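Good morning, colleagues. Please have the sequence and the model before you.

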Amino acid sequence: MPTIIIDGRHIECRERISVLQAALDAGLNIPHYCYHPGLSIVASCRLCLMEMKMAHPQTGELGWAPKLMPSCQTPVKEGMEVRFNSEMVASNQRHVMEYLLLNHPLDCPVCDQAGECMLQDYALKFGRATSRMVEPKHWNAKKDIGPHTLSYQDRCILCGRCVRFCREVAGTGELCVVNRGYRNEIDVFPGLPLTNELQGNVVDICPVGAMLDKKFLMSQRVWFLESAESVCPMCSRGCTIRVDHNRRRVWRLKPRFNPQVNGWWMCDRGRFCSGLIYDDRRLRQPAMRRDGSRVPLDWKDVASMVRARFEEAGKLEGGKQMGIVVSPFMSCEEAWLLTSFIRQVAPNAMFAVLPSPVRGEDEIFPTGSPRERAKFVISAEKAPNRRGVEKACLQAGGRHSSYEDLLAEMAGGRIKTAWIAAGSPESSGPSELIKAAGRLDYLVVQDYLGGVLSGAANLVLPMCAWTEREGSFMNEGGLVQRFQRAVPPPQGLMQDGQYLFEIAGRRGVFNAGRVRQMMAESGMAEFQAVHEAPVGPVHAH
Amino acid sequence: MATFQPVLTRNYGVKDSHLLSVYREHGGYEALSKALAMGAENVVEEVKRAELRGRGGAGFPAGVKWGFLPPNRKVTYLCVNCDEAEPPTFKDRTLVEKDPHQLIEGILITGYATRTTAAYIYMRAEFHRQFHVMQRAVDEAYAANLIGPNIMGSDFKMDIYIHRGAGAYVCGEETGLMESIEGRRGWPRIKPPFPAVEGLFGKPTVVNNVETLCCVKHIIEEGADWFLGIGPKGSKGPKLFAVSGPVRRPGVYEAAMDITCRDLVFGEDFAQGLTEGEELKGVLPGGISMGILGGDELDCKLDFDDVRRYRLLGLGTGAAVVVPKRTDIRTVLLNVARFFAHESCGQCTQCREGTGWMAKIASRIASGAGRIEDLDLLVEISNSMGMMPGMNICGLSDGAGWVVRSVVEKFRGELEEKIKAQPAGAAERALRQINPAYYEGAARVSAR
Amino acid sequence: MGWKAVDRQTSPIPRDAGPVLSAEARAKIRGFLDRYETRRGALIPALHVAQESAGHLSLQVMKEVAECLEINPADVLDTTSFYTHFWTHARGKKVVVVCRSITCQIMGGDEVLEAVKKQLGIGEHDTTSDGKYSLITEECLAGCDHAPCMLIGERLHERVKPENVPAILADELNDMIDVPRSALYDGVKPGAG
């Protein structure tokens, strides 16, 4: 771990990084645009320039070199001394900021980026208060460059991050630079728009309001948004994300930096999945079947009803005729609460995990590169928590079967009481289950969307969207990540963890952290660490 | 000033000098034979000893540049910089059209010394006639086994390709040139890595100017001592100087670098002074990037070092243009500012926006709507850019800033006088017309 | 909500458009591939040949070049738009390039430009209505010893006097050079073998 001196301060840093990265790691807010730790270094914005102490070529004496050096391009070396707090550096920063704002439109009042704009922030700290150009600004067009993204080129500062992202991370290279000199712009080949699966990230990395998300355009001022730590629920990769919400509504999802899972990125399917929260087909309240019709239930009756039924069924041969299908869309805590309750009342019940939907193969980015050199992977398994749920099931002990075997038992009439948790946000329960369920005496269905499966149930318990619950998911690599509740569930719904908590006979309010503690105490070591350390910073730029 | 037998321009007056047969009649390709017999290391040593400095504008010692190539390399490229776009340079043009085989021989000798696999002659697109002459000369040389799989019967093999440019001054910068050969936009690269280690297609590469490579041929032919016998300390060997403007004999002159600007413009053996009725206001002696000399600074020696005493950026290409008294200095200012705004590649913030801004200001001054503070602003913008102070990636920014500052500083008197002579309120009125929104404080109405 | 944005999603190339570059032009373009280590290296020679074959580098031509070299069309657009020699919109049969750099300006280039504009009846970046001439100005053509200069096609006209401009423009052979040519970078006209 080399130690370098920045502005007189001794800073210990990682090896083989740039001085700029070392400074940023140490919390120094050195202004920069084109540098991004996930992309190649181009040193083109010229804002991060620093002074460095070097040996004089003739005398060998150490002194401040008369030449500025880009801190993004200079690797750290033990004992090197650099400074940003000098007039030469400050003068360059003022000039660069003035130049960037020279032809920049005065769009702040109507620009999405306001409030999280690096141009605003650096102009305030390092720039000039006024521009001295009296001639008219030149103007570039606003472009519709893809199904999800706009490019307002009059605001672009040509940091080149978006172009490098598409070339180096996505591997698709839709974006390019056109023209020369002060007429430089970013563009796509007309007719070949920005469509790669990771394209939403260019909006994240754009320091200004040039790359814009169509869905988010002019919908919220970012200073009204609050952020919840979260994990993407759309595949087993479990990218670390945050949920930006305001007034009980989710407005956008953004990735958080996690070197173990997703780096700085997330895919479009995850990024734009918050629409699923507002699906009309969602189950709106608990209900039961009585005399052939659907009767809404009061939440206060649910727990006792369920408990009574399952305790009863559990007495018969220790619950040998009971089958539980656990959903890979449930959180670890929810799965544990359910399975530990069932195990308590029915030691011989049969557990199976509903298979995750699988679509195609894992997608590796940059496209065409071998897996070892992948910068991002989208998993083919489209559920977030199969591994966590399997762990919970195993821990509960007893009879485990494959999903197919449990279906066979149900179809063969050997299972009489069942609890099926489905929970996919895109389609309601699988049809083979519905068929097999025809011979059950009593069926509880927990699902997200209403459909034939919930229609066949004796008791329907709605599942909430993941932004409406707190819990944790275990991704395909075994990493457990927690997610916080961002918005309350719609009127009439109760957080899954809460009713499962009550069904399990516990008193009080469901708290995911406390449940994890209980899980750790019961022998599940993976859940000890999650409780203690949150993953990643909430805001990553 | 010492005289010597010209070598670079030796064949200029010879009829059909571009033909291989004629070139051979005048001793052509004997230096190549000699080099092949000397051995590659000895050729490098000889060029190092001769203190040959690059003639493309930067003046970097060629032998030292070759020495940076990693010894264990497998592939080496040689890029021949024939982009010649610095106004008002035209010396490489004459070399290529009048004596193409001299260049080919220089390329082959350099290629042999540096174990080059392939050489690319980067020739600007506007050199149409020169391309045809050069390509046919290359074809002749291939046919005569002077280029190809076994050159002159030895086991030295090399290819020479002409890669035509497409109209970009910045592609004369060595890394911009390499980017252009690779089929990309000519955005110069950051260094490190240096071209000698990781250059064209990521391989060890040497980039040399046309005139430099022609000098290599003569160094091998006549020997390093002969080369050292020409010119002052630090600026050895013959140099081509191009003179243009309202002079009696514009053209290319081969001289030692102890020549002064006065000699070059007024000398009997050189441009012979200004034409009838013209008087001298100033001279830009190195190509516009280097800056301007006032009429009282003509004793400046045109070598790599003395020029700095006169606050020129360097010798540059040694192409001098005489600015006559009748030319308004504001026109000169606009001309150079507009050039750099047009040619800036756009990567670095200060150069991209700064050159554009300087051109806008110079345009306004030239149209009679300048303000005194504009001159200070121009100097400040010039000072904010440049590769030498570390602000930018390439030297275009140094040239852009230097010439504007040079013209403003050395001709401040005339500029202020012209600005003060504008009708009262001219600047104010013009600005209100050019940019009403700025002055009325109105928001720009979006009509797109 | 928001401003109206220029559509980049729809291709302006007509679906049923037949190829612009002939098979021979494509073969010539591919012939450059063995001079460079990467396919992209052949791009600039390819663009020269394509421009000379098709007249200018329209989006369709750029796409065909990309297909021919098997590279990304966005990369072709990137490179093409950088260089002033490449025209992305139609140009006249002959392009008149008047030099505007320092020496030519001092030696009367402005008057030559005005004479050309007057004679052709067009401004800079325009094309005559009969499609014969386009006019642009360019930076230093390296003909400063014979300033002011003007390039028509491949031929550099030297020491041009404004009063001679009409005669120069009327000369059918004003773009022919006086030396034997190499066809290496020439276009392939339709029907040529």
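In which loop of chain B is B:R311 found? B:R311 is found in the loop between α12 (306–309) and β9 (319–324) of chain B. Helices here are DSSP runs of H or I with at least four residues, strands are runs of E with at least two, and both are numbered from the N terminus.

Before going further, a word on conventions. This is a predicted model, in which local features need pLDDT of at least 70 and side-chain atom pairs count only at pLDDT 80 or more, while totals for chains, interfaces and linings use all residues. Residues are numbered from 1 along each chain as its sequence is written, chains are lettered from A and ligands numbered from 1 in the order in which they are written, and side-chain values use heavy atoms, with hydrogens and water left out.

To return to the backbone: B:R311 has a positive phi of about 55 degrees, although it is not a glycine. Most residues other than glycine have a negative phi, and most peptide bonds are trans. Chain B also has cis peptide bonds. One runs from B:K191 to B:P192, with omega near 5 degrees, and another from B:P192 to B:P193, also with omega near 5 degrees. B:P192 is placed in the loop between α8 (174–181) and β4 (205–209) of chain B, and B:P193 lies in the loop between α8 and β4 as well.

Let us turn to the interface of chain C and chain B. Here 48 residues of chain C are in contact with 64 residues of chain B, contact meaning heavy atoms within 4.5 Å. The two chains bury about 4600 Å² between them, with 56% of it on carbon and sulfur atoms; buried area is the accessible area (1.4 Å probe) that two parts lose on being put together, summed over both. In chain C, the residues that lose the most area to chain B are C:F82, C:I102 and C:I106, together 15% of what that side buries.

How many salt bridges are counted between chain C and chain B? The count is four, a salt bridge being a side-chain nitrogen of Lys or Arg within 4 Å of a carboxyl oxygen of Asp or Glu. C:D178 forms one with B:R129, where the closest N and O atoms are 2.7 Å apart. On the side of chain C that touches chain B, the elements giving two or more residues are α2 (43–54), α4 and α5 (102–106) of chain C.

Next comes the interface of chain C and chain A. The contact takes 25 residues from chain C and 31 residues from chain A. The area buried between these chains is about 2300 Å², of which carbon and sulfur atoms give 63%. C:W3, C:R8 and C:Q9 lose the most area on the chain C side, together 34% of what that side buries. The rule finds three salt bridges across this interface. C:R8 forms a salt bridge with A:D187, the closest N and O atoms being 2.7 Å apart. Elements that give two or more residues to this side of chain C are β1 (6–7), α3 (59–69) and α4 (73–82). Of these, α4(C) gives the most, with seven residues.

Chain C and chain A are also joined through a sheet. Strand β7 (residues 142–144) of chain A and β1(C) run parallel and are joined by two bridges; strands pair if DSSP finds at least two bridges between them. A:D144 stands opposite C:D7 in β1(C). Four strands form this open sheet, in the order β11(A)-β8(A)-β7(A)-β1(C), with mixed pairing. Its edge strands, each pairing on one side only, are β11 (211–213) of chain A and β1 of chain C.

I close with the aromatic residues. A search of the whole structure finds 28 aromatic pairs over all chains; rings of Phe, Tyr and Trp (its six-membered ring) pair if their centres lie within 6.5 Å, and planes under 30 degrees apart count as stacked, over 60 as edge-to-face and the rest as tilted. The rings of A:W299 and A:Y499 have centres 5.0 Å apart and planes at 20 degrees, so this pair is stacked. A:W299 belongs to helix α7 (residues 299–315) of chain A and A:Y499 to helix α13 (residues 496–503), so placed that the pair links distant parts of the chain, 200 residues apart.
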